[in-house]
Amino acid sequence: MSVSKAPADRKVILTGDRPTGPLHLGHYVGSLKNRVAYQHEYKQFILVADAQALTDNTDDRGKVHRNVSEVALDYLAVGIDPKVSTICVQTWLPELTELTFYYLNLVTVARLERNPTVKQEIGLRNFERDIPAGFLTYPVSQAADITAFRATLVPVGEDQLPMIEQTNEIVRRLNRLADREILTEAKALVPPIGRLPGIDGKTKMSKSLGNVINISSTPDEIRAAVKKCYTDPQHLRVEDPGHLEGNVAFAYLDAFDEDKEGVQALKDHYVRGGLGDSIVKKRLEDRLQELLRPMRERREEYAKNPGEVWDMLRAGTERARETVAQTLDDVRSVFVTPGWKP
């Protein structure tokens, strides 16, 4: 694949995923599709965040370890090019752990507990006061990731904006301690399409809720999921006027059907009555089958050579180490007792 050469001073993006299960259409809309475009515009690092995944999956480490290569396969399936984007594994970069240790001295427990993203995630997991310390401090680990790669842009959903704010607080505190600019603040890059709802109508498509359509779904799995898609519970007869608000089938058509005029005509017909849910879902299934077929086929080809996938991850991590090691040296200069030499 030919790639246009990007300018040497291009901005740096850090993005990634926790390897706790297969990636799904929510990931595709929220990040994966954009990463394919970003890799030709920016210097892009993609972090398989297995250390962060362990903060609430320590008792099921095998799940995390298995999904490192599964997530990598999903990256390759959607068209992320490991020769252009640097794909790396978090636990293979011990520099990130050392940076996290230093940064923990720059933030208070009270500040971490006030982080609205952390508060929301704690509630979802019903931790109450039995919060793993690693989970409570994962914004600090995330700050280590962002700063280690010298990221100037971080693609996040609106619910993750407090994480970027906390990272920049740590950056400012460190620079004040050093009395010089060692680290640079990052900006959030919020995608134009927001969070994709689950097939059950819940606000979020989530692996833990089981309301997802995976990138690797088979034709039968896609068909079955579309049939379950939440529409309008008041639309009992074909001739009844239908409602679009909360209608997952139309939300997915908005996200995946490029024929916007055709979708609008379908909406108008549905709202005035005379259009059954089965016709809407058939159109949706056709679009999703068309979208996911080439991804599934690419994934299957890469999966035939698992050793090459692991080699790709190792090579990407080694490239990443060149950047994160330099950042660690700079941060060490603030904290390490003089006279130490590596």
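Reader: In this predicted model, is Phe149 buried or exposed?
Author: The relative accessible area computed for Phe149 in the predicted model is 1%. A residue counts as buried when this value is under 20%, and therefore Phe149 is classed as buried.

Reader: How many aromatic pairs does the structure hold, and what is the angle between the planes of the pair formed by Phe45 and Phe149?
Author: The structure holds eight aromatic pairs. One of them joins Phe45 and Phe149, whose rings lie 4.8 Å centre to centre. The pair is classed as tilted, and the angle between the planes is 45°.

Reader: Where in the chain do Phe45 and Phe149 lie, and how many residues apart are they?
Author: Phe45 belongs to strand S2, which covers residues 43-48, while Phe149 sits in the loop between helix H8 (138-148) and strand S4 (153-155). The pair thus links distant parts of the chain, with a separation of 104 residues.

Reader: Which residues form the tilted aromatic pair at 6.1 Å centre to centre, and how many residues apart are they?
Author: The pair at 6.1 Å, with 40° between the planes, is formed by Trp92 and Trp310. Trp92 is in the loop between strand S3 (86-89) and helix H4 (94-103), whereas Trp310 is in helix H14, residues 306-335. This pair also links distant parts of the chain, and Trp92 and Trp310 are separated by 218 residues.

Reader: Which accessibility class do Trp92 and Trp310 fall into?
Author: The relative accessibility is 30% for Trp92 and 26% for Trp310. Buried requires a value under 20% and exposed one over 50%. Because their values lie between these cut-offs, Trp92 and Trp310 both count as partly exposed.

Reader: How many disulfides are counted?
Author: Cys88 is buried at a relative accessible area of 0%, and Cys229 is buried at 3%. A disulfide needs two cysteine sulfur atoms within 2.5 Å, and by this rule the number of disulfides is zero.

Key. Residues numbered from 1 in each chain as written. Predicted model: local features only at pLDDT ≥ 70, side-chain atom pairs only at ≥ 80, totals over all residues. Heavy atoms only, no water. Phe/Tyr/Trp six-rings, centres within 6.5 Å; stacked < 30°, edge-to-face > 60°. Helix = DSSP H or I, 4+ residues; strand = E, 2+ residues; numbered from the N terminus. Buried < 20%, exposed > 50% of the residue type's maximum accessible area, 1.4 Å probe, protein only.
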